[in-house]
Amino acid sequence: MSDAGLMLGIEYFLACLAPTSPYGQAQAKGLRPFKPGQEGDLKEELASLEQAISLLATHLSEIIKIRHYLAQLPDWREPLHEVTAGGVLSDVELFSLKQNLYFFARIKELQATLAPRLPVKYEPADFHTLLALLDPDNSGSPSFYLSDSYSLRLAEYRDKIRAQQRAANRQSEIQKERAAKLVGLSFNPAGEIAAPRHDRSLQNRIEGTNLFIQSRETYTERYYQLKPTPQEITLAQELDRLLKHEQAEEERVRHKLSLSVKVEAERLRQTIASLGRLDLLLSKALLARDWRCVRPELIERDAPAEFVMDKARHPEVEASLRKQGKAFTPVSISLQTGVAVVTGANMGGKTVTLRTVGLLASLVAYGMFVPASFCRTCLFTHITILTGEYSVFVTGLSRFGHEIAALCRALPSAQTRALLLVDELASSTNPAEGSALAQAVAEHLARSASVCLLTTHYDRMAFLKDVAHWQVVGLSNVPSVVLAQALADSPAASQRDLAELMDYTLTPTEPTRHLPREALRVAAHLGLPASILARAAELLHR
């Protein structure tokens, strides 16, 4: 995940998706955004998502069961690769394949009950024949065993092995009974008899029978086990021969089964991809429901670039505020090709506006509905956000150097149908040069094919003719008496009240020479000493 993805909230979106199957998780991990020229594919994806969301309302129990079965699927991608290359499947791999086929069938049965039915690309293929091959005894269970039914020869070997084992067991019991009577001792569960180390007479009697060999010794005991008789040796040799024949026959059966699976390898690969898409689609649908999302309106490639959102929310920020008992103020803004700037008070939510614009544009590109009451957008070649967040230990640059280096990397893409979001450009250098740089960059971007949104505190940015101006309402509508009352509270209460007094709404504004000056009001509200505030006001009005 890129730094931009982290700042926008894409990682949060992917974490919230939470597909249940390894195939869906792989799809989510490999998720790539749609790009300009893929509007038709995106519309198809959004239509499927809209259908899935409707099914949550009409067939919720079936969807829950489908997700449960998806969660039971073992990952069979590596065995599929091996069998495609000519490998022979092990019993464990055949077992996990049968589990997959069993749940493929259950999912397919449930999908048949959905109305309307999801597109075919989300359905597993029919593997009835292959499933029957892995279930020769028609048990109907997802378990697997190399059954005698696979081979008459295998059944014959196993019958002989069982008979041989019974004969060996009988011979062993006869030998034990005889030996126990001779020495007057009983065998333990491990087939041993024990003699105290100090009882040499008993040890001589045991060893004198010529039936035992010493197996082990402890601090207090000596243990003996029976020597195999010639009959037992013969039985053991025959059993070993039969077991080798059984193993060879089992391997022949596995090879034959593997060849049958290889024939179905491509259909298995397609079904794994289909169920990965299904898992991801249902995860998106559930998330869209939980986030109260709407389907975005998609602008065609040959139309001018545009991004519009109404009453949009940033789910990650909203969730964080909810934990604090606060509400997220929905954001509305309309952006066209060229540059728009957002101005307003510190702590007025300008950065959150940038992140919300970037997140919604990214969600659309990932085939997702958006948390807003309305959204219309085109597809962008790039979505880039530049903020003041940096680490000198990583870049070796100052904050200003980091900003400019990041801007240099972003400018080439701004000449395409890109979305560029810049937070407080050049705010970390001296104001005179920083203001000039910010204006020059804005004028440069105004001639590009991209949609650019910048936040700023520089006055000169507010009266640029070719730049749209949006302003955070902030504290401008808060009566002075209300602020004064808030200032009378404790510093902690003042900080808490600031967020409640602040109006985060954006309003379009005509070009103006000066920006609203709310820094002193915010500083006062946060408890800066009155003497400092008075001196700052005096200097400001010189």
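**View 1. Helix α2 meets helix α12 in this predicted model.** Phe13, Cys16 and Leu17 in α2 touch Leu280, Ser283, Lys284 and Leu287 in α12. Contact means heavy atoms within 4.5 Å. By class, this contact has five nonpolar, one polar and one charged residues. Ala, Val, Leu, Ile, Met, Phe, Trp, Tyr, Cys and Pro count as nonpolar, Asp, Glu, Lys and Arg as charged, and the others, Gly among them, as polar. Helix α2 covers residues 10-17 and helix α12 covers residues 265-290. Their axes come within 9 Å and cross at roughly 110°. That makes α2 roughly perpendicular to α12. Axes are lines fitted to C-alpha atoms, for helices over the stretch in contact, and angles run from 0 to 180 degrees between N-to-C directions. Angles under 35 degrees count as roughly parallel, over 145 as roughly antiparallel, 65 to 115 as roughly perpendicular and the rest as oblique. Helices (H or I, at least four residues) and strands (E, at least two) are DSSP runs, numbered from the N terminus.

Residues are numbered from 1 along each chain as its sequence is written. In this predicted model, local features need pLDDT of at least 70 and side-chain atom pairs count only at pLDDT 80 or more, while totals for chains, interfaces and linings use all residues; side-chain values use heavy atoms, with hydrogens and water left out.

**View 2. Helix α5 packs against helix α7.** Helix α5 spans residues 60-72, and helix α7 spans residues 91-111. The axes lie 9 Å apart, at an angle of about 165°. That makes α5 roughly antiparallel to α7. The crossing is left-handed, meaning that the near helix is turned anticlockwise from the far one by less than a right angle (right-handed if clockwise). From α5 come Glu62, Lys65, Ile66, Tyr69, Leu70 and Gln72. They meet Phe103, Arg106, Ile107, Leu110 and Gln111 in α7. By class, the contact has six nonpolar, two polar and three charged residues.

**View 3. Ser48 sits in helix α4.** The helix runs over residues 39-58. Ser48 is buried, with a relative accessible area of 3%. Buried means under 20% relative accessible area, exposed over 50%, partly exposed in between (1.4 Å probe, protein chains only). Not counting residues up to four places away in sequence, Ser48 touches Leu118, Pro119, Tyr122 and Leu281.

**View 4. Strand β11 is covered on both faces.** The strand holds residues 451-455, and five of its five residues are buried. Val451, Leu453 and Thr455 lie on one side. Cys452 and Leu454 lie on the other. In a regular strand the side chains alternate between the two faces of the sheet. Strand β7 (residues 338-343) pairs with β11 in the parallel sense over five bridges. Two strands pair if DSSP finds at least two bridges between them. Val342 stands opposite Thr455. Strand β10 (residues 419-423) also pairs with β11 in the parallel sense, over five bridges. There, Leu421 has Leu453 as its bridge partner.

**View 5. Three strands form an open sheet.** The order is β1-β3-β2, with antiparallel pairing. β1 (192-196) and β2 (212-217) stand at the edges, each with a single partner strand, so one side of each has no neighbour in the sheet. The twist averages 35° from one strand to the next. β1 pairs with strand β3 (residues 221-226) over five bridges. Pro196 has Glu221 in β3 as its bridge partner. Helix α9 (residues 152-183) packs on the sheet and touches β1, β2 and β3. Its direction makes about 140° with that of β3. Helix α10 (residues 200-208) also packs on the sheet, touching β1, β2 and β3. The direction of α10 makes about 150° with that of β1.
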